[in-house]
Amino acid sequence: MITGKNYIGNQLKAEGTTTHKTVNPKLNTQNSTPFYQATLNEVNEAVALADSAFKVYRNIPGEQRAAFLNAIADEILALDTELTDMYMSESGLPEGRAQGERGRTIGQLRAFADLILKDEWRNVTIDEAIPTRQPLPKSDIRKTSIPIGPVVVFAASNFPLAFSTAGGDTASALASGCPVIVKSHAMHSGTGELVASAIIKAAEKTGMPNGVFSNITGSGRVVGTALVKHPKVKAVGFTGSIAGGRALYNLAAERNEPIPVFAEMGSINPVIVMPNVIEKKSAETATTYAGSITVGTGQFCTNPGLLLTLAGDKTDAFIKDLAEKTVAIAPQCMLHPNIKDGFVSNGKIVTSQPGVEIVGQITNNIEANFAASTICTVSGSDFLTNPKMHTEVFGPFSLVVKAKDQAELVEVIDSLEGQLTGTVLAEKEDFTELPVIADALQAKVGRIIFNGVPTGVEVCESMTHGGPYPASSDARFTAVGLGAIKRWIRPFSFQDWPTELLPTELRN
Ligand code: NAP
């Protein structure tokens with residue numbers, strides 16, 4: 001049962017009077033529940049509770065924190081269709097996606113629960129004392145990793161479950177021993193409140209301290225700004241726009257005590273289509289990529305927004321085929337009217353640049369929040385002179401760049417900003433060219449893919465979901481996979497500390 005209130009620790013509260021409603025983008029109507037924006041008093045209360053919970057939570061053994069994470073997964077499952085119906089009504093995404101994303105959310109929680117049953121994630125190192133060392137004896141020094149403190153997580157608009165209230169940022173932070181305050185996304189506040197209720201139930205059932213989790217509603221920047229500026233907050237996790245991530249990064253840097261902001265932002269994910277693929281696999285590549293460009297209405301951070309090829313007649317035929325296959329896929333609903341507005345306005349920025357030609361675009365009348373998939377093309381030389389063509393068009397949109405030769409293709413890669421992924425489509429005959437291309441891509445991206453699509457991010461130990469700015473604010477960390485826990489910990493050394501007082505992972 002949705003209340004529209006904030007979870008300040010385990011209490012539902014609504015002191016304020018400012019409300020907003022979520023939108024059903026398919027029906028283009030507002031949903032009925034008003035959600036109360038948290039007051040600054042409520043923000044302060046949530047952070048104070050998180051700060052006092054941290055003193056207890058950071059020392060709770062791994063098995064108990066794991067039980068908490070598994071209980072969250074159980075409680076989310078117990079919400080059953082109430083959750084998936086709410087998800088669909090606030091996002092326009094279909095039932096299969098709701099179930100798939102719920103499965104991924106639960107899988108992430110359980111994976112982090114398994115991880116913290118043992119202490120290997122703490123990267124323990126032990127340097128034993130050498131009392132006889134000359135000219136000075138060597139101390140016994142032992143290093144572990146400890147949680148950083150209360151973490152603020154900004155829920156993502158494009159993953160109402162897997163990158164939101166109990167998503168990867170929350171799961172990894174809670175696993176590390178950090179309390180979490182979620183700034184709920186105003187587009188899916190109902191989904192957020194339901195998941196928050198599951199986390200609070202799980203915390204109570206497993207005996208976690210009050211304040212280990214809060215869920216705060218807000219829109220219009222006020223609540224998010226107050227959270228990032230609060231002196232007791234020690235780190236921030238964010239997925240969203242470059243402007244939003246950068247604003248929060250700057251706010252955090254301007255504090256008396258600057259704190260890390262792990263922001264995952266924009267990416268156009270270049271795909272290099274080598275000549276022998278155009279020669280031998282043109283039709284199947286066009287089919288695969290029409291699917292990848294339009295999957296989830298293109299609203300993925302790994303969407304292939306940029307294809308790079310060599311100019312030629314066969315390339316033109318490939319682009320025409322790709323455009324026809326893309327627009328033949330029925331238009332789908334976007335997450336929210338604001339996302340649709342961004343899709344249209346950013347799309348216009350790219351397509352109105354000199355030299356850009358629209359090769360395929362859905363033009364028939366489509367419903368209000370549905371997306372007109374678009375494929376356009378430009379020459380390598382025009383692309384190289386105009387950074388506006390690098391704009392992320394969040395949705396089913398791809399720009400195909402035709403370079404005059406391999407050297408220009410590499411120049412185009414060199415001109416790009418940081419990206420989450422780079423993909424190479426190649427046949428054996430193209431291999432001699434690949435080292436130079438792979439080298440150029442490595443300087444720009446966090447993950448490189450061979451003969452596949454960038455959409456679809458596996459949650460596993462070896463995954464890197466991050467990349468040079470602006471793909472993420474710190475390319476040394478991943479937002480997906482078990483390595484995500486490293487964002488919320490810091491190294492800590494004990495010198496000559498009595499064995500019986502050491503944490504268990506540091507004892508002999
Ligand atoms: P957003 O505008 O970046 O907002 C995300 C969250 O950050 C919201 O909670 C928002 O709070 C907060 N925020 C943003 N700017 C802030 C500021 N200056 N100060 C304080 N808080 C701030 O992203 P969005 O609403 O999810 O989507 C907008 C666009 O972002 C999309 O159309 C798309 O282009 C891009 N996007 C990209 C990705 C990706 O993975 N590449 C993912 C999602 C979105 P308020 O609600 O209070 O404003």
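Predicted model: local features only at pLDDT ≥ 70, side-chain atom pairs only at ≥ 80, totals over all residues.
Two strands pair if DSSP finds at least two bridges between them. Strands themselves are DSSP runs (E, at least two residues), as are helices (H or I, at least four), numbered from the N terminus.

Residues are numbered from 1 along each chain as its sequence is written, and side-chain values use heavy atoms, with hydrogens and water left out.

**Around β18**

| Partner of β18 | Bridges | Residue pair standing opposite |
|---|---|---|
| β15 (residues 306–310) | five | Leu308 and Val401 |
| β17 (residues 374–379) | six | Ile375 and Ser398 |

Seven of the seven residues of β18 (397–403) are buried, so the strand is largely enclosed by the rest of the structure. Buried here means under 20% relative accessible area, exposed over 50%, and partly exposed in between (1.4 Å probe, protein chains only). On one side of β18 sit Phe397, Leu399, Val401 and Ala403; on the other, Ser398, Val400 and Lys402.

Over in β15 you'll find Thr309, buried with a relative accessible area of 0%. Leaving out residues up to four places away in sequence, Thr309 is in contact (heavy atoms within 4.5 Å) with several residues, including Val400, Val401, Lys402 and Ala403.

**The cores**

A nonpolar core is a set of buried Ala, Val, Leu, Ile, Met, Phe, Trp, Tyr and Cys residues joined through side-chain atoms within 4.5 Å. The largest has 91 residues, and Phe68, Ile72 and Leu399 have the most contacts inside it. Helix α6 (189–205) gives the most to this core, with eight residues. Domain 1 (6–265 + 472–506) and domain 2 (270–450) both contribute residues, so the core lies between them; the domain bounds come from an automatic or database assignment. A second, separate core has 25 residues, among them Val47, Ala50, Leu251 and Met265.

Beyond neighbours within four places in sequence, the contacts of Phe68 include Tyr57, Leu174, Ile199 and Met208.

**The largest pocket**

A pocket is an open set of points on a 1 Å grid over the protein atoms alone, where a 1.4 Å probe fits, with protein on both sides within 12 Å along at least five of seven lines; lining residues have an atom within 4 Å of a point. The largest pocket has a volume of about 1300 Å³, taken as the space filled by probe spheres set on points joined across faces, edges and corners. Of its 49 lining residues, the closest to the centre are His185, Phe238, Gly240, Ser241 and Gly244. Helix α8 gives the most to the lining, with six residues.
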